[in-house]
Amino acid sequence: MTHAHDDTAAPATYGVMAEFGTGDDLIAATRKAAAAGYTRMDGYSPYPIGEVADALGFPRSEIGAIMFIGALCGATFGFLLQFWANGIDYPLNVGGKPFFSWPMFAPITWELLVLTASLSGVIGLFALCGLPQPYHPVFNVPQFARATRDRFFLCIEAVDPLFDTTAKTTTFLATLNPISIEEVPE
Amino acid sequence: MATTAPTAAPHTYGANGTYPPHPEGLIGGNHDLASVGDKIASVVTMETPTPKAWWPIFLVGFGLLNGLGIALLYLFYAGVGIWGINQPVAWGLAIVNFVWWIGIGHAGTLISAILLLLHQKWRTSINRFAEAMTIFAVSCAGLFPLIHMGRPWLFYWLYPIPTNMAVWPQFRSPLAWDVFAVTTYFTVSVVFWYVGLVPDLALLRDVAKNKWQRMIYGSLALGWRGSAIHWRRYEKLYLLLAGIGTPLVFSVHTVVSFDFAVAVVPLWHATIFPPFFVAGAIFSGFAMVVWLAIPLRRFYGMGDFITTRHLDLCAKVMIATGFLVSYGYFCEVWMAWYSHSLYEWESTMQRMWAGPYWWSYWALITTNTIIPQLLWFRKVRVTEWMLFLVAGSVHIGMWFERYVIVISLSRDHLPSSWGRYAPTPWDYLTMFGSVGLFIVMFTVFLRVLPMISITEMREMLPFGQGGRDGHSVMENAK
C-alpha cells in the first residue's frame, strides 16, 4: 500500500490515529475498522503482526515473484556468461576437458542465482515500501515515537472515502477503546 | 521519545510486575516490550557505560590489527617469499586461515537461516551477533586469498570483466568458483543482516540521545515506521532470504572443499570433503558463537537473553557436528585402507605416523574429537568457563584440521620431491593480525549496533508480556 495522495484537493490532515497498548487490541481494532468499511488505513507496530495485514486486505506480498524473476535472470546470465567465455570466446584446452563442460558451470550459476535473487528482493522491498522516506506525516504525532517501543497504532487516512470529517472518524475510533486519539497533520 | 517506564494505562503490561518463568528457559528476568528495547538499546545509546573489559579487549585487537598492517606493507613490498611457502607446500597458512575463518562464519548463517526455517526459537537471542560474526569472519577470510595472490592489486582479474586482452577467467577451476561463492556469501550475509537491522535502527532513531545519533540511525533506518504492509513484505523477504541462504551456506563451504577435492592429490581427492567441510564449519562456528556469547553475558549482563539454555543448546550442536567431523576423519582413513589404493594408504601413514608432521594429526584428533566429548556432561555445557575452554579446543582443532590437509603436500610420491614447511614470523603476524581485525570489528559493532535483535526478542516474549510467543516469520510471511 502506498500513500499516494492523488486527490486534487489535498486534505490538510493526513488522517486520525488511535493508540493501543497491545497487539491484540490493534488486530481487533483493524478488523472492526475494516468491517465498518474503511479501506485506506494502516497499522503500526513494533514487531510484525500478520493478522493486521490480513485485516487491512493485504494478504500476499509481491516479494516472492520479484525474487523468482531475479533468480531466473541471474542464473541465466551466469550460465550463458560461462558458456560463452570458456566455450566460445576463449576456449582453453585444460586436460582434455570439453569446452562446454556444463557441470563445471553449476557452482557459479548457483551463486549468481542467489546473489541476484537476494539483491532483487531487498531492492524490491525498499522500492515497494517507498523507502528511504525520511519524512512521513505519522511522525508528526508525538506518541508515535513509541511505535518502535511498546505501542500499537491504527491510522485511518483522510483519503479514505468514508473519511468525511475528522470528527466522524474520531468518534468511530473512540468506540475501539484506544489509549489516545490524535489527528495526524499533513 | 518516551524513555520512562510505561505508566499505568489501560492495556499496558505492568512494568514492574513479575512474570512466570519462560516455559523454555529462553528469556530470564521480568521483561516486557519496553524493557527489552531499553536493555539492549541502552548499550548503543551509552546509557549503560561501556564495560571495563571492553577497552583491554579492543586494545589487544587494535594492536594485532597494527601488526597486520605492518605484515601487509612488507608483504606488498617484498612479495609472498617472506612466508614459509615453497615447493612442494605452495599453499601455507594463507589457505589454512582462509578456510578456518570462513568456517567460523558459517554458524552465523546457520543460526539466522536454517534455525529460522526449523522453528528454533532459541536462535532469536543469538542471531544478530552471530550474523555480525559471519560478516567479520568472512572479511578476515577474504583477506587471505587476496594477499596470497602475490600481486593483490590485480585481484579484479578474477572477475569476468571484459578487457582488451580478451582473456576470461577459467570458470572450470574451483578457484574461480571460490571467488563467486565468497563474494556472494559476503554480499548476501550483509544484506540479510541489514534487513534484520532496519526495524532496530528505527528504534534507535527514536530513543537517540543526541542529534548525531538521531541523524545517523535515522538515515540508516530509511524512515521505517512499522507499517503492517511493510512488515508483511519484510517478513516475506526475510523468510525467502533464509530459504535461499540455507543452500548458500552448504554451497559455499562445498565450493571451498572443492579447492582440495577437485585436485588428484591423495587424501584430497575425496567425496567426503564437501559434507565434512560443511560440518566442520558449523562446528567451529558454534565454538565461536560460544566464545562471543559468554563475554556478552558476563560483561554486558545479557544473561536474561542469552541464558544457560542457549549455551546448552549451542554445546549440543557442537557435539553433533563434532561427531560428523570425526566421522570424516574416520572415513578418510577407512577409504584409504579399504580402497587398496597404494598412494592413499601411504599418504595416510605419512600423515598419521611416518611423516614429520604426525604430531599435528594427533593434535587435531585430541582437540577436535576427544576433548569435545566433555560436552556430554551437562555441567560442562552450562558452566561458562568449562564450555569456553572446550570451544577454545575446537578453535585449535579446526585450525589444525586445515593445517593437516595443507601440510600433506610435504610428502609426495617421490622422495626426491619431499620437502618441509614451516611458517615464518610474517605468517604468524598476518594470522594473528587477522584475529585483531576480527576483534576490532566486533568490539566496534557492540558499541554502535544492537547486539541482539530487539524486534525479534519482543516477538519472542510470551503473550502475557506483550509479545507473540515466538518469532513467527514462517506463519506470517505470505
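B:Asn127 touches B:Ile111, B:Ser112, B:Tyr238, B:Ser453 and B:Glu456, leaving aside residues up to four places away in sequence; contact means heavy atoms within 4.5 Å. B:Asn127 lies in helix α4 (residues 127–148) of chain B. With a relative accessibility of 2%, B:Asn127 counts as buried, the term for under 20% relative accessible area, with exposed over 50% and partly exposed in between (1.4 Å probe, protein chains only). This is a predicted model in which local features need pLDDT of at least 70 and side-chain atom pairs count only at pLDDT 80 or more, while totals for chains, interfaces and linings use all residues; side-chain values use heavy atoms, with hydrogens and water left out. Residues are numbered from 1 along each chain as its sequence is written, and chains are lettered from A and ligands numbered from 1 in the order in which they are written.

**Chain B as a whole**

- Chain B has 16 helices and zero strands; helices (H or I, at least four residues) and strands (E, at least two) are DSSP runs, numbered from the N terminus.
- The radius of gyration of chain B is 24 Å, close to the 23 Å that the globule rule gives for 478 residues, so chain B is as compact as a globular protein of that length. The radius is taken over C-alpha atoms, and the rule is 2.2 Å times the number of residues to the power 0.38.
- The C-alpha trace of chain B spans about 85 × 55 × 45 Å along its principal axes.
- Of the 478 residues in chain B, 62% are buried.
- Among contacts in chain B with a separation of 6 or more, 79% are made by residues 24 or more positions apart.

**Domains and annotated spans of chain A**

- Chain A is assigned domain 1 (13–60 + 134–185) and domain 2 (64–129), with bounds that come from an automatic or database domain assignment.
- The centres of domain 1 of chain A and domain 2 of chain A, taken over C-alpha atoms, are separated by 44 Å.
- An unreviewed UniProt entry lists residues 65–85 and 105–128 of chain A as "transmembrane region". UniProt positions are given in the numbering used here, feature names are shortened, and annotations may be inferred rather than shown by experiment.
- Residues 65–85 of chain A are 100% helix and 0% strand, with end C-alpha atoms 30 Å apart.
- Residues 105–128 of chain A are 96% helix and 0% strand, with end C-alpha atoms 34 Å apart.

**The sheet of chain A**

- Four strands form an open sheet in the order β2-β3-β1-β4 (chain A), with antiparallel pairing; two strands pair if DSSP finds at least two bridges between them.
- The edge strands, each pairing on one side only, are β2 and β4 (180–185) of chain A.
- On average, neighbouring strands of this sheet are turned by 20° against each other, direction ignored. Axes are lines fitted to C-alpha atoms, for helices over the stretch in contact, and angles run from 0 to 180 degrees between N-to-C directions.
- Helix α1 (residues 23–35) of chain A packs on the sheet and touches β1, β2 and β3 of chain A; its direction makes about 20° with that of β3(A).

**Strand β3 of chain A**

- All six residues of strand β3 (residues 152–157) of chain A are buried, so the strand is largely enclosed by the rest of the structure.
- A:Phe152, A:Leu154 and A:Ile156 point one way from β3(A), whereas A:Phe153, A:Cys155 and A:Glu157 point the other way.
- Six bridges pair strand β1 (residues 13–20) of chain A with β3(A) in the antiparallel sense. A:Met17 has A:Cys155 as its bridge partner, and A:Gly15 stands opposite A:Glu157.
- Strand β2 (residues 41–44) of chain A runs antiparallel to β3(A) and is joined to it by four bridges; here A:Asp42 stands opposite A:Cys155.
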